[in-house]
Amino acid sequence: MSDIFANMPGSYSIPTQKQDIYTAKTVQPITVKEAISASNVKEQPTDSVQLSSQKEEKKGPIKSIKGFIANIKKFFATSTEYVKGTVKGVTSGVVAGSVVYTAGSILNFAKQKAANSAAKKAGVEAAKVIKKVPNKALAIVVGGLVLAANLWTASLNATEKSSNIDHRWTGHKQ
């Protein structure tokens, strides 16, 4: 046994013998060297790997032409969907951003007007400590979110169209 814990404070003892309670025999503890012998490691055969690759099946001229046409159709379908999504996202984002910007400007104007009238009634200078709505930043964030949502939808539409083209022109691949 090793003496790893021999210099620890306190009285710890490692049992040297163990008694089996069912047979009432004294059993010697098994050491790691006895359980797993390190000398037999080199005797084991080395691992071997067998690589197998399937050869790609050759396509005939008809399948090759159909695959070529399907790839061209998928390219144009995907490009069309992304262009439509980008244009729709930019226009919708501009509209949503301008609505948010206008609403924030109206709200800021109303707050400023209320602060000025309250300051006149109190006989104090106009209040300069009003919290304004950051309408420019909000408009940009809203526009960006609308554009991202439309691009996400365009991606899904492009995938669906590409899948339909594959299904029609090349069939099910296994």
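The following legends describe close-up views of a predicted model.

**View 1. Overall arrangement of the protein chain in the predicted model.** Three helices and two strands make up the secondary structure of the protein chain. Read from the N terminus, these elements follow the order β-β-α-α-α. The protein chain has 174 residues, of which 13% are buried. Helix α2 covers residues 61-122, and helix α3 covers residues 135-169. Three salt bridges are found in a search of the whole structure.

**View 2. Packing of helix α2 against helix α3.** The axes of α2 and α3 are 6 Å apart and form an angle of about 160 degrees. Angles over 145 degrees count as roughly antiparallel, and α2 and α3 are therefore described as roughly antiparallel to each other. The crossing of α2 past α3 is right-handed. Ala-137 is placed in helix α3. From C-alpha to C-alpha, Ala-137 and Tyr-101 are 8.6 Å apart in space, with a separation of 36 residues in sequence. Ala-137 has a relative accessibility of 45% and so counts as partly exposed.

**View 3. The salt bridge between Lys-74 and Asp-166.** The closest N and O atoms of Lys-74 and Asp-166 are 3.0 Å apart. This pair links distant parts of the chain, since Lys-74 belongs to helix α2 and Asp-166 to helix α3, 92 residues apart. The two partners may also be described by their accessibility. Lys-74 has a relative accessible area of 17% and is therefore classed as buried, the cut-off being under 20%. For Asp-166 the relative accessible area is 23%, and this residue is therefore partly exposed.

**View 4. The salt-bridge network of Glu-81, Lys-84 and Lys-161.** Salt bridges link Glu-81, Lys-84 and Lys-161 in a network. Glu-81 is buried, its relative accessible area being 5%. Lys-84, at 47% relative accessibility, counts as partly exposed. Lys-161 is likewise partly exposed, with a relative accessible area of 38%.

**View 5. A nonpolar surface patch that includes Phe-68.** The patch has an area of about 610 Å². Its residues are Ile-65, Phe-68, Ile-69, Ile-72, Phe-75 and Phe-76. Phe-68 is located in helix α2. The relative accessibility of Phe-68 is 55%, and Phe-68 therefore counts as exposed, a class that begins over 50%.

Terms used:
Residues numbered from 1 in each chain as written. Predicted model: local features only at pLDDT ≥ 70, side-chain atom pairs only at ≥ 80, totals over all residues. Heavy atoms only, no water. Patch = residues over 30% accessible without salt bridge, like charges linked within 9 Å, V, L, I, M, F, W, Y side chains within 5 Å. Areas by Shrake-Rupley, 256 points an atom, 1.4 Å probe, with all protein chains shown as cover. Salt bridge = Lys/Arg side-chain N within 4 Å of Asp/Glu carboxyl O. Helix = DSSP H or I, 4+ residues; strand = E, 2+ residues; numbered from the N terminus. Buried < 20%, exposed > 50% of the residue type's maximum accessible area, 1.4 Å probe, protein only. Axes fitted to C-alpha atoms, helices over the stretch in contact; angles between N-to-C directions. Parallel < 35°, antiparallel > 145°, perpendicular 65-115°, else oblique. Left-handed = near helix turned anticlockwise from the far one by under 90°.
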